[in-house]
Structure formats: C-alpha cells, structure tokens
Amino acid sequence: MPSLSTKHLLGIKQLQNADIELILDTAREFKEVINRPIKKVPSLRDITIANVFFENSTRTRLSFELAEKRLSADVVNFSSASSSVKKGETLLDTVNNILSMKVDMVVMRHSSPGAPSFLAKHIDANIVNAGDGTHEHPTQALLDAYSMQEKVGDLRGKKVAIIGDILHSRVALSNIFCLQKLGAEVMVCGPSTLIPKHLPKLGVKVGHNVHEALAWCDIANVLRIQLERQQIKYFPSLREYSLYFGITKKMLDALDKEIVLMHPGPINRGVELSSDAADSSHSIILNQVENGVAVRMAVLYLLAQKN
C-alpha cells in the first residue's frame with residue numbers, strides 16, 4: 001500500500017502531490033464507511049490520540065474527535081482554558097506531560113504560527129496541525145479540495161476564487177497551496193487592506209471586485225471576517241463590507257453559469273454571505289462538514305502507518 005512521504009501533517013506546503021492524492025483517495029473509502037449503518041472500523045484500535053487545542057474551536061475539534069472515534073482510537077481532549085498553561089507551563093512541557101501518558105498522536109491548534117513544526121522537532125509522536133495562527137490549516141484545505149472534486153471532478157484547469165479576509169485566514173494559504181498542486185487557477189478577492197502584499201508572488205490573481213471574481217470563477221470559497229484577529233479597523237463597518245463584498249443569491253442567479261459556493265464556517269450571515277445564498281442550491285457548505293470527517297479519518301489513518 002502507498003504511504004505518505006511525511007510522519008506529520010504540518011502544512012500543505014510540505015506535502016508532495018502524491019501525498020494529497022493519497023489522502024483524497026483514502027478519504028473516498030472512508031466516506032463510504034461513515035455512510036454505512038455501522039460507522040466504526042477498528043483501524044486505529046491500539047492508537048491513542050490527544051486533541052490539544054490552545055484556541056477555541058467547534059467544527060474542527062468535533063470533526064477530529066468524531067474521525068478518531070470512527071477509527072476506534074482512544075481519545076484524550078485537552079483545553080488550555082482549564083490547564084496548567086494558565087499557570088505558566090510551556091507548550092513543550094504541556095505536550096511532554098501528555099505524551100508521558102503514552103499518547104501516539106497529537107492534533108494541535110495554536111495561535112502561534114509554526115507551533116506544530118516546533119513540536120515536531122522535539123517529540124516523537126505524529127503531529128497534525130489543526131490550525132496555527134494565520135499560517136496554515138491543512139485538513140481544511142484537503143476537505144475543501146475533496147468537496148470540490150466531488151462536485152466538479154478533476155480540478156486541473158478549474159478556476160477558484162477565495163473571497164474575504166485573506167490576511168487573517170489560515171484557510172486561504174493552505175487552499176492556495178493545495179489547489180495549485182492539484183492544477184487549479186486561484187484568485188483572491190477582498191478589500192486591499194485584507195490581502196497580503198506578497199500573494200502575487202505565489203502565482204495567484206488578485207482582485208477587489210466581487211462581481212468580477214464571481215464571473216471569473218467556477219468555485220467561490222468565501223471566508224469570514226475574523227474580527228477576533230483584527231487589532232485595528234481594516235474597513236469602515238461590517239455594513240459597508242457586506243455592501244461591497246457580501247454575496248447574495250441574487251448575485252449568483254444573475255451569473256450566466258452555475259458556480260459552486262463554499263465556506264469553511266462559521267458563517268457570518270448577512271456579512272460575507274446572505275442566508276438565501278448560504279442555503280441555496282449553489283452551496284455545498286454542509287457537504288464540506290460531512291467530508292471533513294472522512295478526510296480527517298484518512299489523515300489519521302495514513303499517519304498512524306508511519307509509526
């Protein structure tokens with residue numbers, strides 16, 4: 001059986017094209033499993049996985065936990081809010097204490113970019129990056145790619161617009177790397193204040209008109225405004241952002257083609273997406289949530305083979 005080229009999933013940038021294809025192919029098999037009456041398989045019965053989240057999370061944490069339980073792994077959940085981190089314990093000491101309980105794999109979300117890479121250099125367990133600051137969120141990009149392929153087939157030559165708060169998004173960077181490796185064309189669109197200056201160097205188009213972006217793309221992946229990461233005001237008001245960059249069903253219906261609408265969640269309804277757009281036939285947002293479990297099952301299963 002083919003295997004991953006890496007022991008960890010730290011970011012899409014470090015993955016080879018063959019790794020991405022292997023994860024997506026394996027996810028297709030697990031998608032069949034989770035749609036059976038009996039949704040559990042004993043693939044990771046002897047593996048213990050710690051979910052170590054230093055930032056708040058609902059969807060990602062629940063998706064990983066469900067994936068782990070579907071694979072029959074033993075699961076340990078750690079939250080920094082009720083831990084010794086509040087007493088001044090370092091990241092490395094925290095994780096080493098968890099590993100001393102014979103944990104095989106660590107799924108980690110952290111506010112500092114590079115935290116999972118730092119851990120991977122100091123401990124033996126497999127590390128899965130569940131989001132590090134504004135850097136990467138690899139499993140989100142993989143589930144997005146899987147969802148796109150499920151809807152439109154091969155992504156080679158397809159046009160994908162990533163619309164919204166690019167500057168503060170870890171999803172955007174992982175999506176750009178993943179889509180480019182799969183042969184898609186990528187555009188980012190949003191206010192100039194929310195688009196990093198270096199992005200054109202990554203080979204992506206940059207736009208500031210949402211109508212032009214929708215007319216150009218086959219797939220629109222809409223990102224939320226991350227107010228919790230913004231230390232200053234990047235635009236006058238949410239109302240003005242919605243007026244210039246919000247997407248409505250009327251806008252989608254006015255296009256002379258059918259496009260696919262995506263969002264990693266949670267949605268700020270009435271800001272980046274209107275409710276009728278989010279719930280329309282264009283949307284595959286709920287498919288993304290379902291596919292997230294299958295993709296994360298694939299990642300955990302393949303990494304466990306590297307032990």
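## The open sheet

Two strands are said to pair if DSSP finds at least two bridges between them. In this predicted model, five strands are arranged as an open sheet in the order E7-E6-E5-E8-E9, with parallel pairing. Strand E7 (205-207) and strand E9 (260-262) stand at the edges and have a single partner strand each, so one side of each is left without a neighbour in the sheet. From one strand to the next, the twist averages 20 degrees.

Helix H5 (residues 138-152) lies across strand E5 (159-163), E8 and E9, and runs at about 160 degrees to E9.

In soluble globular proteins, nonpolar side chains tend to be buried together. The largest nonpolar core here has 65 residues, of which Ile 23, Phe 30, Val 128, Leu 142 and Leu 300 touch the most other members. Helix H11 (residues 285-304) gives the most to this core, contributing 11 residues. Among the residues that Val 128 touches are Leu 9, Phe 64, Met 105, Val 299 and Leu 300. A second, separate core of 26 residues includes Ala 161, Met 187, Cys 217 and Met 251.

## Aromatic rings

The model holds three aromatic pairs, one of them formed by Phe 54 and Phe 78, whose rings are tilted, at 5.6 Å centre to centre with 55 degrees between the planes. This pair links distant parts of the chain, 24 residues apart, with Phe 54 in the loop between strand E1 (48-53) and helix H2 (59-70) and Phe 78 in strand E2 (residues 74-79). Both Phe 54 and Phe 78 are buried. Elsewhere, Arg 296 lies over the face of Phe 64, at 5.0 Å from the ring centre.

Definitions and conventions
Residues are numbered from 1 along each chain as its sequence is written. This is a predicted model: local features need pLDDT of at least 70, side-chain atom pairs count only at pLDDT 80 or more; totals for chains, interfaces and linings use all residues. Side-chain values use heavy atoms; hydrogens and water are left out. A nonpolar core is a set of buried Ala, Val, Leu, Ile, Met, Phe, Trp, Tyr and Cys residues joined through side-chain atoms within 4.5 Å. Buried means under 20% relative accessible area, exposed over 50%, partly exposed in between (1.4 Å probe, protein chains only). Helices (H or I, at least four residues) and strands (E, at least two) are DSSP runs, numbered from the N terminus. Contact means heavy atoms within 4.5 Å. Rings of Phe, Tyr and Trp (its six-membered ring) pair if their centres lie within 6.5 Å; planes under 30 degrees apart count as stacked, over 60 as edge-to-face and the rest as tilted. A charge sits over a ring if NZ of Lys or CZ of Arg is within 6 Å of the ring centre and within 35 degrees of the ring normal. Axes are lines fitted to C-alpha atoms, for helices over the stretch in contact, and angles run from 0 to 180 degrees between N-to-C directions. Lists of a residue's contacts leave out its neighbours within four places in sequence.
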